Amino acid sequence: MTDATDPPGRPRGAARSGPATDRAVNVLAPNASPMTLDGTNTWILSEPGSDRAAVVDPGPLDEGHLSAVVGEAERAGKRVVLTLLTHGHPDHAEGAARFAEMTRSPVRALDPALRLGEEGLVAGEGIRVGGLELRVVPTPGHTADSLSFHIPADRAVLTGDTVLGRGTTVVAHPDGRLGDYLDSLRRLRSLTVDDGVETVLPGHGPVLEDARGALEYYLAHRAGRLAQVETAVEEGLHDPGEVVARVYADVDRSLWPAAELSVRAQLEYLREHGLV
């Protein structure tokens with residue numbers, strides 16, 4: 001994950017716990033790092049007036065955090081009846097099995113290895129929890145199993161690591177693929193045009209109030225990075241580490257190992273399209 005100066009998308013200050021929309025409340029996990037930004041956003045989703053809730057991305061296996069999520073739901077008079085995962089990276093999913101045990105809720109995910117007690121998720125599927133409507137949006141690219149969740153009533157989309165509240169994300173090669181990621185960004189942008197989505201609820205970082213602006217920035221950013229990688233290769237750089245040093249010179253060196261994953265995905269994309 002890389003930092004962007006004055007990123008678009010109208011971020012809502014810093015990432016924090018608390019209500020984000022009428023139907024979404026964040027509980028911020030205590031796992032801040034250069035890769036996880038302020039920490040993992042664990043989302044409690046519920047229809048106003050309902051006593052049932054779904055939780056998206058319980059986060060790391062941290063007993064204090066998982067208990068805080070349960071406590072937040074209970075204080076609002078809600079019972080967690082479903083756990084959903086945007087993808088299987090540990091900072092989002094490691095605590096899912098323990099959270100399912102604590103709440104006696106099934107875990108639904110795209111990856112069968114992450115599911116507990118119920119069927120998986122299908123692209124375009126509608127999910128209802130106590131009057132709350134969610135729609136499953138396939139967004140592979142960061143990882144092969146990445147999903148987003150559209151909340152039509154809030155004009156919001158919960159994006160996991162596909163779109164962050166600050167900076168840009170990693171295409172985690174070889175599981176993540178750049179072509180898939182670009183298609184996913186276009187799919188999310190179409191939600192802003194065709195379905196009126198205005199708000200991004202990211203897996204890390206603050207809420208974004210200009211979803212379309214954020215997605216257009218992401219697409220432009222990826223195109224720019226890809227052009228830089230192509231130029232570096234044309235100038236004789238072929239080792240991914242060398243390309244990172246050239247193309248990501250403006251990025252903190254602590255993030256270069258993650259940037260190298262994206263570079264490997266970019267090199268693969270260029271080879272597949274006959275551009276190098």
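Good morning. Let us begin with strands β3 (residues 41–45) and β4 (residues 52–56), which run antiparallel and are joined by three bridges. Here Leu45 stands opposite Ala54 in β4.

A word on the source: this is a predicted model, in which local features need pLDDT of at least 70 and side-chain atom pairs count only at pLDDT 80 or more, while totals for chains, interfaces and linings use all residues. Residues are numbered from 1 along each chain as its sequence is written, and side-chain values use heavy atoms, without hydrogens and water.

Strands (E, at least two residues) and helices (H or I, at least four) are DSSP runs, numbered from the N terminus. Two strands pair if DSSP finds at least two bridges between them.

The open sheet has six strands in the order β1-β2-β3-β4-β5-β6, with mixed pairing. Because β1 (18–19) and β6 (107–108) each have a single partner strand, they stand at the edges, and one side of each is left without a neighbour in the sheet.

Which strands does helix α1 touch? Helix α1 (residues 63–75) packs on the sheet against β2 (24–28), β3, β4 and β5 (79–84), where contact means heavy atoms within 4.5 Å. The direction of α1 makes about 150° with that of β2; such angles run from 0 to 180 degrees between N-to-C directions, with axes fitted to C-alpha atoms, for helices over the stretch in contact.

Helix α3 (residues 96–103) also packs on the sheet, touching β4, β5 and β6. The direction of α3 makes about 155° with that of β5. Thank you.
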